[in-house]
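Hi,

Here is the structure I said I would pass on.

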Amino acid sequence: MLKRTFIHLPGVGPRRETHFWRQGLATWEDFLAAQRVQGLSRDRLEWLKGELAGSLDRTQDAAYFAARLQAGEHWRLFRQFRPRTAYLDIETTGKVWPGLQVTVAGLYDGQKMRQFVQGFNLQEFPQVLSEFDLLVTFNGTQFDLPVLRAYFPELKVPTAHVDLRFLMARLGFKGGLKKIEPRFGIRRPKAVNGMDGYMAVLLWQRYQRGDKGALDLLLSYNKEDVVNLEVLMDAAFRMSREQLCPAGPRASSPLAAAQP
C-alpha cells in the first residue's frame with residue numbers, strides 16, 4: 001500500500017491520488033515511468049517524479065512518511081513496517097491526576113510479548129518502545145499515550161501511530177475493544193473473558209495487598225488486550241485498502257497514460 005500512496009506528496013490530496021490510479025498509475029514505479037500524466041504540466045510531473053524518487057530512498061523511514069500523512073492515513077504504513085510494529089496497551093491505578101500511575105505496560109511485536117510491571121521492570125519500557133517504528137493501540141490517542149507521556153516525561157513514541165478505535169469506526173465497527181473482537185472471531189480465555197479496565201484496577205489493588213495470583217490474572221488480561229490488536233490491525237488494513245482501491249482491472253495501463 002505504501003507504494004500506491006501519493007497523498008504524502010505536496011499538493012496531492014485524495015482526489016488527485018484517485019485520479020492517478022484511474023489513469024493506471026497504481027504505484028510509484030508506474031508514475032516514474034509515465035511520460036505524461038493527465039492534469040499535470042511537464043514541469044509539475046518532473047517535480048513530482050523527483051519527490052517520488054526521494055520517497056523510494058526513504059522506504060525504511062517510517063517517520064518520514066508519518067510526518068507527511070495525516071494521522072488517519074498511517075494505516076497505509078502497516079505492511080511496509082509490520083516487522084517493526086509494536087502493539088501496546090497499558091493498565092493503571094485508575095485514579096485521576098496526579099495520583100494516576102501506570103501499573104503494567106504490555107508490548108507485542110507479532111512474535112514476542114513483553115510486559116513491564118511497576119516495581120519490577122517498568123523503567124525499561126521507554127527504551128524498548130523506542131526500538132519500534134510503528135505503534136498500534138486502541139484508544140491510545142486519548143488514553144495510553146497521554147498517560148505514558150505524563151508518567152515518562154522523556155518518552156519517545158513512534159511518530160507513526162494507528163489508533164484502531166478510530167480506524168475501526170471508519171470501517172463501521174464502533175464501540176470498545178471487547179465489543180469489536182468477537183466480530184473478527186476473537187474469543188478470550190475463560191479466565192479473563194468479561195473483564196474490563198475497572199476489574200484490572202481491582203486486581204492491582206488485590207496484588208498490592210499480597211495476592212500474587214491477582215497479578216498473574218492482570219497480566220493475562222493485559223496480554224489479551226495487546227495481542228488481539230494484531231488480528232484487528234491486519235483486518236483493518238485489508239478492509240481499508242479494499243475500501244480505498246477496490247480490486248479490479250485498471251482503468252488504463254501505464255503505457256496508455258504515457259501516450260500524448
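Let me start with a backbone detail: just after helix α1, Gly24 takes a positive phi of about 90°. Keep in mind throughout that this is a predicted model.

Helix α1 covers residues 14–22, and its buried residues are Glu17, Phe20 and Trp21. These three span an arc of only 100° around the axis, which puts them on the same side of α1. As a reminder of the geometry, an α-helix has 3.6 residues a turn, so residues three or four places apart point the same way. Arg15 and Arg22 are on the other side of α1, and they are exposed. So what covers the buried residues? The cover includes α2 (28–33), α3 (42–56) and α11 (212–244).

The other spot I went through is Leu134, which sits in strand β4 (residues 134–137). Its relative accessible area is 0%, so Leu134 counts as buried. Leaving out residues up to four places away in sequence, Leu134 touches a list of partners that includes Leu77, Phe78, Phe81, Arg84, Thr85 and Ala86, and also Pro158, Ala160, His161 and Val162. Take His161 from that list: Leu134 and His161 are 27 residues apart in sequence, yet their C-alpha atoms are 5.7 Å apart in space.

Now for the whole chain. The protein has 12 helices and 5 strands, and its C-alpha atoms fill a box of roughly 80 × 35 × 30 Å along the principal axes. There are 260 residues, and 47% of them count as buried. If you take the contacts between residues at least 6 apart in sequence, 62% join residues at least 24 apart. The accessible surface comes to about 13,200 Å², with 50% of that belonging to carbon and sulfur atoms. On the charge side, I get 36 positive and 27 negative charges, and their mean positions are 5 Å apart.

Last, the confidence scores, in case you want to set anything up from these coordinates. The average pLDDT for the protein is 92, and 94% of the residues score at least 70. Which stretch stays under 50? That would be residues 248–260, for which the model has 19 contacts beyond four places in sequence.

Cheers

Definitions and conventions:
Residues are numbered from 1 along each chain as its sequence is written. This is a predicted model: local features need pLDDT of at least 70, side-chain atom pairs count only at pLDDT 80 or more; totals for chains, interfaces and linings use all residues. Side-chain values use heavy atoms; hydrogens and water are left out. Helices (H or I, at least four residues) and strands (E, at least two) are DSSP runs, numbered from the N terminus. Buried means under 20% relative accessible area, exposed over 50%, partly exposed in between (1.4 Å probe, protein chains only). Contact means heavy atoms within 4.5 Å. Accessible areas come from the Shrake-Rupley method with a 1.4 Å probe; for residues, only the protein chains shown count as cover. Lys and Arg count as positive and Asp and Glu as negative; His and the chain ends are not counted. The place of a charge is taken as NZ of Lys, CZ of Arg, CG of Asp or CD of Glu. The arc is that of the directions from the helix axis to the C-beta atoms. pLDDT is the predictor's confidence in each residue, from 0 to 100.
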